[in-house]
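Hi,

Here is the structure I promised to pass on.

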Amino acid sequence: MGSFFSKQVQRRKSIHTQKKLLYDLKEKNNTDFPGSDYHSDDRKNWMSTLTLEKLHVNKIIWPGTHDSATNKIGIPFISRPFARTQSLSIYKQLVMGTRVLDIRVQEDGRVCHGILVSYHVDVVINEVKKFLSETQSEIIIVEIRTEFGHDDPPEFNKYLEDQLGEFLIHQDDSVFNKTVAELLPKRVICVWKPRKSPQPKHGSSLWSAGYLKDNWIDTDLPETKFESNLKYLSEQPPVTSRKYFYRVENTVTPQADNPVLCVKPVTNRIRPYGRLFISESISRGYGDRQQIYSTDFIDKDFVDACT
């Protein structure tokens, strides 16, 4: 028992130390970067406010959400605080400016996070289509994966093609060098990551797993995650010479051996440092590698920092 409490005391000290390290870095270094003072007057249509003929797909900083469809997951006040990473619906996230969605599903097509479940994926698709119907030039990346420990929903690739077919941008390496104007009227890059089913093939309307990469670091220590994100980003080729999207997630994760297991107070250890990460990546020479930047509980400032 004594060793358990000793370990907990040490972990609390580590968390406090790491939070202070990030705070001090933010105080010491200027978090300004080229375009950091930009605030879109219309986040719902932020791509449309730019020159689409010059807006290349591989040079966009795409604001994204982590575990995007967890706003209604689990049981309110009981299990929800342990799994919810977003408080907004998919539609409201898109209206706020989110352009990359991270959706996890299980066998019956319901959204899930581990063992906790939420609404059917139909809700996600319908809200995406609602957003698309209200806008004209916004491109969205929708990543849908079968959650770890679950089987793929039956014929799910066909379901996605049937639901989103008219909007789908086909899997093609040339897309990365194209402008948004060249992709329109197609508007959705849908990355389907099954567990056992065949991966989408080149030329199909869905994209295979290798086209959206990241390096997941499972930690609740904010400075460890911050520096690991920078390290892995530095190892990527510049966006102009790679044919895949690379995602950095500005999140930390509750750990089973720590008393604080609710998502929000844990992930809030790193959330305030979204702009700091962008400025640090630029100052350290990795700015030409940034592409998708995701967060928990997305807000307007995070979107503005990306766009």
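Let me start with a definition: I say a charge sits over a ring if NZ of Lys or CZ of Arg is within 6 Å of the ring centre and within 35 degrees of the ring normal. Lys-213 does this with Tyr-244, lying over its face at 4.2 Å from the ring centre. Lys-130 lies over the face of Tyr-91, at 4.1 Å from the ring centre.

Before going on, some ground rules. This is a predicted model, where local features need pLDDT of at least 70 and side-chain atom pairs count only at pLDDT 80 or more, while totals for chains, interfaces and linings use all residues. Residues are numbered from 1 along each chain as its sequence is written, and side-chain values use heavy atoms, with hydrogens and water left out.

Now the ring pairs. Rings of Phe, Tyr and Trp (its six-membered ring) pair if their centres lie within 6.5 Å; planes under 30 degrees apart are stacked, over 60 edge-to-face, and the rest tilted. That rule gives 10 aromatic pairs. One of them is Phe-176 with Tyr-211, stacked at 6.2 Å centre to centre with 15 degrees between the planes. Phe-176 sits in the loop between α4 (156–164) and α5 (180–183) and Tyr-211 in the loop between β6 (188–193) and β7 (212–214), so this pair ties together parts 35 residues apart in sequence. (Helices are DSSP runs of H or I, at least four residues, and strands are runs of E, at least two, numbered from the N terminus.) Both Phe-176 and Tyr-211 are buried, meaning under 20% relative accessible area with a 1.4 Å probe, protein chains only. Tyr-293 and Phe-302 make a tilted pair, 4.9 Å centre to centre and 35 degrees between the planes. Tyr-293 counts as buried at 2% relative accessibility, and Phe-302 does too, at 6%. There is also one aromatic cluster made of Trp-62, Phe-176, Trp-207, Tyr-211 and Phe-245.

What about strand β5, residues 140–146: how many of its residues are buried? It is 7 of the 7, so the strand is largely enclosed by the rest of the structure. Ile-140, Val-142, Ile-144 and Thr-146 are buried on one side, and Ile-141, Glu-143 and Arg-145 on the other. Strands count as paired if DSSP finds at least two bridges between them. β5 pairs in the parallel sense with β2 (residues 100–105) over 6 bridges, and Val-100 has Ile-141 as its bridge partner. β5 and β6 also run parallel, joined by 6 bridges, with Lys-193 as the bridge partner of Arg-145.

Cheers

Note on methods:
Buried means under 20% relative accessible area, exposed over 50%, partly exposed in between (1.4 Å probe, protein chains only).
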